[in-house]
Amino acid sequence: MIVARNNERLKNSRAKLTGSIGFVPTMGALHEGHLSLIRRAREENDHVIVSIFVNPTQFLPGEDLEKYPRKEEADRKICELAGVDLLYMPTTDQLYHEDELLISAPKIRGYILEGAKRPGHFDGVLQVVMKLLNLTRPTRAYFGKKDAQQLVLISRMVRDYFMQTEIVSCEIVRDPDGLALSSRNIYLSPEERQRALALSRSLKRAAKMIQSGERDTRRITAVMRGILEAEVDGLEYVAIVDRDFHPIERIVEGESIILVAARVGLTRLIDNLWV
Ligand code: AMP
């Protein structure tokens with residue numbers, strides 16, 4: 001596995017890869033969720049590129065940029081064992097220039113839910129993903145449904161700007177008790193982790209209601225709120241949208257996403273279910 005810490009090395013190593021390329025962008029502290037993306041990229045392409053970069057422009061002032069978990073050595077080993085061909089771990093000065101031309105998330109879909117709670121977050125995500133896709137020029141890029149709104153906005157960017165990469169969406173990987181894997185889960189104390197299970201439990205309950213024939217999104221979100229409010233320290237939103245992030249009043253199976261964001265202790269968690 002080649003490790004490129006600067007663009008020159010990346011460019012030279014990328015030029016030597018022939019055939020299809022699967023790309024998995026991450027912020028590191030790799031877990032089974034990331035690995036499922038890497039494995040899928042491995043299966044579907046001749047070569048795999050992974051990037052690890054904690055992107056400063058997607059963090060808001062006061063968020064956890066400085067204390068975001070960094071596990072460079074372990075991540076490098078994980079990538080090597082997973083059969084990654086090229087690991088790109090740039091420093092910030094490799095990716096950013098002074099007084100840059102900026103990308104804005106779309107006005108409606110980019111500024112609801114996560115975009116409303118974290119204004120500017122998606123601008124930073126799209127900015128870095130555009131850079132990474134242009135640098136790595138992959139055939140396919142793999143993103144988790146865990147970050148549902150991010151996945152939908154990146155798909156729109158690729159469509160709107162006629163970029164030549166196929167965006168592949170990957171299922172959410174969970175711990176056996178239901179907690180969606182996240183690099184931020186290590187912030188949770190054992191007691192907080194127990195209460196954090198309310199997120200996946202509320203989604204499971206929503207799935208049961210839908211199975212029993214419930215279609216009214218207000219009734220479903222009311223039940224979810226009940227489950228969440230008993231456990232979490234700050235419920236940020238419970239929402240049901242279509243696959244293009246328009247809020248909906250009735251569930252249409254195969255076309256809906258149920259989303260939740262909540263704070264447990266000091267940790268902000270998100271989860272969702274595609275139904
Ligand atoms: P991050 O390192 O948090 O930026 O995540 C990198 C990629 O891994 C993103 O496409 C995430 O959606 C994806 N990802 C993170 N957690 C999970 C998970 N539990 N299951 C599936 N994909 C995930």
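## Helix H7 and its surroundings

In this predicted model, the buried residues of helix H7 pack against helix H5 (114-117), helix H6 (121-136), strand E5 (140-144), strand E6 (166-170), strand E8 (256-264) and strand E9. H7 covers residues 148-160, which makes 13 residues. From its first C-alpha to its last the helix reaches 18 Å, close to the 18 Å expected at 1.5 Å a residue.

Why is H7 described as largely enclosed by the rest of the structure? A residue counts as buried when its relative accessible area is under 20%. In H7, 10 of the 13 residues are buried, so the helix is largely enclosed by the rest of the structure. These buried residues are Ala148, Gln149, Gln150, Leu151, Val152, Leu153, Ile154, Arg156, Met157 and Val158. Just after the helix, Phe162 takes a positive phi of about 50°.

Strands E8 and E9 are both among the elements that the buried residues of H7 pack against. The two strands pair with each other in the antiparallel sense, over eight bridges. Val264 stands opposite Thr267 in E9.

Two residues lie between the strands of this hairpin. Gly265 takes a positive phi there, near 60°.

## The cavity

Rolling a probe the size of a water molecule over the atoms shows where empty space is left. How many cavities of 30 Å³ or more are there? The count comes to one. The largest cavity holds about 60 Å³ of space.

Its lining consists of Lys146, Leu179, Ala180, Ser182, Asn185, Ala196, Leu199, Leu269, Ile270 and Asp271. By class, six of the lining residues are nonpolar, two are polar and two are charged. Helix H8 (190-211) and strand E9 (267-274) each supply at least two residues of this lining. Which element gives the largest share of the lining? That share, three residues, comes from E9.

## Leu86 in strand E4

Leu86 belongs to strand E4, which runs over residues 86-88. Is Leu86 buried or exposed? Its relative accessibility is 1%, and therefore Leu86 counts as buried.

Leu86 and Met1 are 85 residues apart along the chain, yet their C-alpha atoms are separated by 5.6 Å. Neighbours within four places in sequence left aside, Leu86 is in contact with Met1, Ile2, Ala4, Leu10, Ser13, Arg14, Leu17, Val48, Ile49 and Val50.

How values were computed
Residues numbered from 1 in each chain as written. Predicted model: local features only at pLDDT ≥ 70, side-chain atom pairs only at ≥ 80, totals over all residues. Heavy atoms only, no water. 1 Å grid on protein atoms, 1.4 Å probe; cavity = no way out; pocket = protein on both sides within 12 Å on 5 of 7 lines; lining within 4 Å. Points joined across faces, edges and corners; volume = space filled by probe spheres on them. Helix = DSSP H or I, 4+ residues; strand = E, 2+ residues; numbered from the N terminus. Nonpolar A, V, L, I, M, F, W, Y, C, P; charged D, E, K, R; others polar. Expected span 1.5 Å × (residues − 1). Buried < 20%, exposed > 50% of the residue type's maximum accessible area, 1.4 Å probe, protein only. Contact = heavy atoms within 4.5 Å. Pairing = 2+ DSSP bridges.
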